[in-house]
Amino acid sequence: MEVVRNCSLKKFNTFNVDEKAKVLVEIDKVGDLFTFLSKENQKDKMLVLGGGSNILFTKSYEGIIISLKNKGIELIDEDENNVLVEVSSGESWNDFVLWAVENNFGGVENLSLIPGNVGAAPIQNIGAYGVELKDIFHSCKGIMIDSLNEFELTKEECEFNYRSSIFKSTYKNKTIITSVKLILTKSKHNFNIEYKGLKENLLGKELTIKKISDQVIRIRKSKLPDPKSYGNCGSFFKNPIVNISKHEYLLNKFPDIPFFKIDNNNYKISAAWLIDQCNFKNKKVKDVGVYSNQPLVIINHGNAKGKDILHFANEIKGTVYGNFEIELEEEVLIL
Ligand code: EPU
């Protein structure tokens with residue numbers, strides 16, 4: 001366990017903004033978490049940080065930031081078709097995916113190269129290329145911050161939804177997830193290649209977990225910037241969901257609008273397209289702009305401050321609302 005006071009957060013967020021935390025503690029054993037939390041002044045506000053890949057700091061954090069580094073991937077059960085694995089929160093999500101691919105365990109290959117840590121994955125029910133965490137989720141373990149009681153929540157109890165879960169509502173800032181259990185396949189894989197870019201390249205070929213993972217990695221690398229080159233948090237906004245009458249109105253006015261039907265009354269609209277239509281691709285204010293291959297991603301060209309990024313994001317929101325009467329909602333946590 002390492003406690004640093006007045007700590008720079010630059011290394012701890014993929015937007016690479018240089019704000020400070022009053023206290024930052026790096027914890028590599030769950031046991032140390034209990035020691036630390038029982039000693040600390042519980043009145044201080046607290047934030048658990050995963051990979052810092054979905055957070056925008058716009059000012060100093062006047063509280064305690066816990067960075068969980070606990071590691072481990074354990075195969076805890078198996079039958080003929082499936083394995084149950086328990087993964088510690090501090091594992092990098094992509095390292096875990098690579099481990100699964102190497103072992104020919106199926107279910108997470110479409111989620112290759114998503115940044116961040118395993119413990120953060122349930123919070124917003126990470127998803128990409130037609131698969132969401134909830135599709136392979138079994139349960140997660142954690143600690144209630146106030147009481148230090150341990151808990152285990154099943155998939156149903158986590159209330160997963162598009163980029164959302166109970167950890168963003170009832171349990172917001174109340175828990176620390178310490179490990180996640182997932183069910184992976186070891187035979188009879190149900191490959192999902194519905195996403196356009198996957199289908200185009202893989203249809204008709206003999207599918208393997210490795211081939212899908214490699215293709216997802218290729219697509220992500222071509223569409224999304226590497227935070228080492230440009231600070232970013234992936235999609236800054238969620239794809240907005242509109243009802244059928246709004247959808248019909250939009251389709252009438254903008255026949256090219258890309259959408260995805262969720263159910264008979266709800267449609268998901270492409271936020272990237274909305275932003276693109278508002279001509280943000282070539283816009284840059286101070287050190288902030290959108291990524292040329294995917295305008296849903298806001299990037300830090302160098303030394304942008306968190307406030308500059310927020311200001312730019314608000315400009316996008318305002319313009320999209322002005323043109324389409326759609327309120328974009330941030331996917332990234334803004335502090
Ligand atoms: N588009 C444009 N202009 C562009 C780029 C894209 O108009 O310059 C339009 C195109 O019509 C394209 C559509 O946007 O077909 C969708 O783009 P993309 O396939 O990249 O998917 P997305 O809906 O924008 C979502 C997730 C991503 C995830 C991809 C793939 C959200 C908020 N984002 O993006 O997740 O990787 O699908 O499944 O749901 C993340 O959450 O950080 C993230 C990167």
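This is a predicted model: local features need pLDDT of at least 70, side-chain atom pairs count only at pLDDT 80 or more; totals for chains, interfaces and linings use all residues.

Strand S13, residues 231–235, and strand S19, residues 294–300, are joined by three bridges and pair in the antiparallel sense. Strands of a sheet are held to one another by backbone hydrogen bonds, in either a parallel or an antiparallel way.

The sheet is open and made of four strands, in the order S13-S19-S18-S17, with antiparallel pairing. Because S13 and S17 (284–285) stand at the edges with a single partner strand each, one side of each has no neighbour in the sheet.

How much of S13 is covered? Four of the five residues of S13 are buried, so the strand is mostly covered by the definition used here, under 20% relative accessible area.

Next comes a part of the surface. Ile241 is found in strand S14, residues 241–243. Together with Phe260 and Ile262, Ile241 forms a nonpolar surface patch with about 290 Å² of accessible area in total. Ile241 has a relative accessible area of 44% and therefore counts as partly exposed.

Helix H4, residues 209–223, has 15 residues and reaches 21 Å from its first C-alpha to its last, close to the 21 Å expected at 1.5 Å a residue. Its buried residues are Ile209, Ile212, Ser213, Gln215, Val216, Ile217, Ile219 and Arg220. An α-helix has 3.6 residues a turn, so residues three or four places apart point the same way. The buried residues of H4 pack against helix H2 (93–102), strand S8 (127–128) and helix H3 (196–202).

Two loop residues remain. Most residues other than glycine have a negative phi. Leu148, in the loop between strand S10 (137–144) and strand S11 (150–154), has a positive phi of about 60° although it is not a glycine. Arg163 is not a glycine either, and its phi is positive, about 50°. Arg163 lies in the loop between S11 and strand S12 (175–185). With a relative accessibility of 14%, Arg163 counts as buried.

How values were computed:
Residues are numbered from 1 along each chain as its sequence is written. Side-chain values use heavy atoms; hydrogens and water are left out. Patches are made of residues with over 30% relative accessible area and no salt bridge: like charges are joined within 9 Å, nonpolar side chains (Val, Leu, Ile, Met, Phe, Trp, Tyr) within 5 Å. Accessible areas come from the Shrake-Rupley method with a 1.4 Å probe; for residues, only the protein chains shown count as cover. A salt bridge is a side-chain nitrogen of Lys or Arg within 4 Å of a carboxyl oxygen of Asp or Glu. Buried means under 20% relative accessible area, exposed over 50%, partly exposed in between (1.4 Å probe, protein chains only). The expected span of a helix is 1.5 Å times one less than its number of residues. Contact means heavy atoms within 4.5 Å. Two strands pair if DSSP finds at least two bridges between them.
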